[in-house]
Amino acid sequence: MCENPLNIVLEFGGGAEILFNKIKRREVQLEGGKKWRIGDLLEWMKINMPTDRPELFFTEDSVRPGILVLVNETDWDLLDTRNYVIEPKDTILFISTLHGG
């Protein structure tokens, strides 16, 4: 694949997994040689993990309100959200808090 890839884990819960073909956990290998921020990852996901209803997960440059993002069990709001630089072996969890009724 690529030299010095960045290996991370993506997890989905609370209904977010339904948007990604019911995948609850996926190990991902990102291209090495650059700093990946979560904002870059979201763009990568739009291309490499397409969904039939992207508007239910993504906004123009982030995730929709109601999607919690945790990096290694820490809320991304405490880590500079989209600007957090992803580290090897990070686990990034997306949880939907939106439920129909």
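This report describes the fold, the surface and the aromatic contacts of a predicted model.

## Fold and dimensions

Two helices and five strands make up the secondary structure of the protein. Their order along the sequence is β-α-β-α-β-β-β. The radius of gyration is 13 Å, close to the 13 Å given by the globule rule for 101 residues, so the protein is as compact as a globular protein of that length. Along the principal axes, the C-alpha atoms fill a box of roughly 45 × 30 × 25 Å.

Among contacts with a separation of 6 or more, 58% join residues 24 or more positions apart.

Of the 101 residues, 36% count as buried. The protein exposes about 6300 Å², and carbon and sulfur atoms supply 48% of that area.

## Aromatic pairs

The whole structure contains seven aromatic pairs. One of them is F20 with F57, an edge-to-face pair at 4.9 Å centre to centre with 90° between the planes. F20 lies in the loop between α1 (16-19) and β2 (25-30), and F57 in the loop between α2 (38-48) and β3 (67-71), so this pair ties together parts that are 37 residues apart in sequence. F20 is buried at 3% relative accessibility, and F57 is buried at 0%.

F57 also pairs edge-to-face with F58, at 4.8 Å centre to centre and 80° between the planes. F58 has a relative accessible area of 7% and is buried. Ring pairs link F20, F57 and F58 with F12 and F94 into a cluster.

Notes: Residues numbered from 1 in each chain as written. Predicted model: local features only at pLDDT ≥ 70, side-chain atom pairs only at ≥ 80, totals over all residues. Heavy atoms only, no water. Helix = DSSP H or I, 4+ residues; strand = E, 2+ residues; numbered from the N terminus. Rg over C-alpha atoms; globule rule 2.2 N^0.38 Å. Buried < 20%, exposed > 50% of the residue type's maximum accessible area, 1.4 Å probe, protein only. Contact = heavy atoms within 4.5 Å. Areas by Shrake-Rupley, 256 points an atom, 1.4 Å probe, with all protein chains shown as cover. Phe/Tyr/Trp six-rings, centres within 6.5 Å; stacked < 30°, edge-to-face > 60°.
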